[in-house]
Amino acid sequence: MTDSPMVTVNEVTKTYGSGSGKVTALDAVSFEVGRGKLVALVGRSGSGKTTLLNCIGGLDRPSGGTIVVNDITVTKLSERARTGLRRDTVAFVFQTFGLVPMLSAAENVGLPMRLRNAKTSVRDKRVAELLDMVGLSKHMNQRPAELSGGQQQRVAIARALANDPQLLIADEPTGQLDADTGTAIMGLLREVISTQGMTALISTHDQSLMDIADSTVRLADGHLVAEDDPTFVGTGSRATGSEHQGRIV
């Protein structure tokens with residue numbers, strides 16, 4: 001197994017517009033995420049969290065800097081190659097769940113494997129395993145509208161795991177859930193990451209995730225905020241204390 005970080009973000013900048021209307025969403029952000037780690041990305045709304053996650057996962061391109069994921073330089077990939085990255089290496093979980101309304105829970109979970117033309121027997125076995133993992137075996141035939149918010153997010157997590165990704169990116173995964181359900185989802189994510197050997201980068205306002213994360217990265221107005229900066233708030237109980245060096249180990 002390679003000793004290189006799972007994620008390396010180096011001097012990444014993202015701007016929108018030009019001239020007097022130019023907006024800088026990310027300004028020379030640099031940090032690393034070690035393999036097998038759960039890192040919480042925190043910051044106020046508009047701090048650049050979603051933009052950063054989208055750039056790391058290949059949904060968007062930064063204006064400058066480089067991003068490497070699992071030894072792949074994402075910032076050099078073509079659109080087609082970035083699609084392959086999202087299919088094979090990186091998986092997303094969104095605040096809005098993103099399930100297909102007309103498909104059952106099992107069909108939603110199996111969708112990524114359909115896109116890879118997995119054999120039906122392999123797909124069905126994997127779907128059953130994943131739904132059991134997230135505690136929804138009895139709900140496999142129900143559609144999203146028949147499930148609670150917490151159950152829908154569990155389906156979304158199972159779907160994200162379908163193709164055995166190396167990196168899980170989650171953008172405010174508990175943002176639409178009540179406190180108790182959110183805490184349960186965070187515990188599930190921690191367990192999944194530990195048992196599946198994945199790396200995770202999760203943006204959140206949820207203190208329960210910060211408490212179980214290995215490290216915390218904080219953004220403010222597109223800048224990485226050092227832990228020793230007076231504006232830094234919140235760090236996981238497992239934090240390495242190396243955030244001020246722009247490096248997560």
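Of the 249 residues of the protein chain, 47% count as buried, where buried means under 20% relative accessible area, exposed over 50% and partly exposed in between, with a 1.4 Å probe and protein chains only. The model is predicted, and local features need pLDDT of at least 70, side-chain atom pairs count only at pLDDT 80 or more, and totals for chains, interfaces and linings use all residues. Residues are numbered from 1 along each chain as its sequence is written, and side-chain values use heavy atoms, with hydrogens and water left out.

**Overall fold**

- The protein chain has 7 helices and 10 strands; these are DSSP runs numbered from the N terminus, with helices being H or I of at least four residues and strands being E of at least two.
- Among contacts between residues at least 6 apart in sequence, 69% join residues at least 24 apart, a contact being heavy atoms within 4.5 Å.
- Valine 225 belongs to strand 10 (residues 223-225) and is buried, at a relative accessible area of 7%.

**Nonpolar cores**

- A nonpolar core is a set of buried Ala, Val, Leu, Ile, Met, Phe, Trp, Tyr and Cys residues joined through side-chain atoms within 4.5 Å.
- The largest nonpolar core has 39 residues, and those touching the most other members are Leu38, Val109, Val155, Ile157, Leu168, Leu189 and Ile202.
- A second, separate core has 26 residues, including Met6, Val9, Leu167 and Leu201.
- Leaving out residues up to four places away in sequence, leucine 168 touches Ala91, Val93, Ala160, Leu189, Met198, Thr199, Ala200 and Leu201.

**Largest pocket**

- The largest pocket has a volume of about 490 Å³, the volume being the space filled by probe spheres set on grid points that are joined across faces, edges and corners.
- A pocket is found on a 1 Å grid over the protein atoms alone, as an open set of points where a 1.4 Å probe fits, with protein on both sides within 12 Å along at least five of seven lines; its lining residues have an atom within 4 Å of a point.
- The lining consists of 18 residues, and Arg86, Arg87, Val90, Phe92 and Pro112 are the closest to the pocket centre.
- Helix 2 (79-88), strand 6 (90-94), helix 3 (105-115) and helix 5 (149-161) each supply at least two residues of this lining.
- By class, 10 lining residues are nonpolar, 3 are polar and 5 are charged; Ala, Val, Leu, Ile, Met, Phe, Trp, Tyr, Cys and Pro count as nonpolar, Asp, Glu, Lys and Arg as charged, and the others, Gly among them, as polar.

**Aromatic pair**

- The count comes to 1 aromatic pair, under a rule in which rings of Phe, Tyr and Trp (its six-membered ring) pair if their centres lie within 6.5 Å, with planes under 30 degrees apart counted as stacked, over 60 as edge-to-face and the rest as tilted.
- The pair is formed by phenylalanine 92 and phenylalanine 94, which are stacked at 5.6 Å centre to centre with 0 degrees between the planes.
- Phenylalanine 92 is buried, at 14% relative accessible area, whereas phenylalanine 94 is partly exposed, at 32%.

- Helix 1 (residues 49-56) is mostly covered, with 6 of its 8 residues buried: Lys49, Thr51, Leu52, Leu53, Cys55 and Ile56.
- In helix 3, the buried residues are Ala105, Ala106, Asn108, Val109, Gly110, Pro112 and Met113, and what covers them includes helix 4 (120-133) and helix 5.
- Alanine 156 lies in helix 5 and is buried, at 1% relative accessibility.
- Beyond residues up to four places away in sequence, alanine 156 touches Val93, Phe97 and Leu99.
- Alanine 156 and leucine 99 are 57 residues apart in sequence, and their C-alpha atoms are 6.7 Å apart in space.

**Positive phi values**

- Most residues other than glycine have a negative phi.
- Glycine 58, which follows helix 1, has a positive phi near 80 degrees.
- Asparagine 70 has a positive phi near 55 degrees; asparagine 70 is in the loop between strand 4 (64-69) and strand 5 (72-73) and is partly exposed, at 21% relative accessibility.
- Asparagine 117 has a positive phi near 60 degrees; asparagine 117 is in the loop between helix 3 and helix 4 and is exposed, at 68% relative accessibility.
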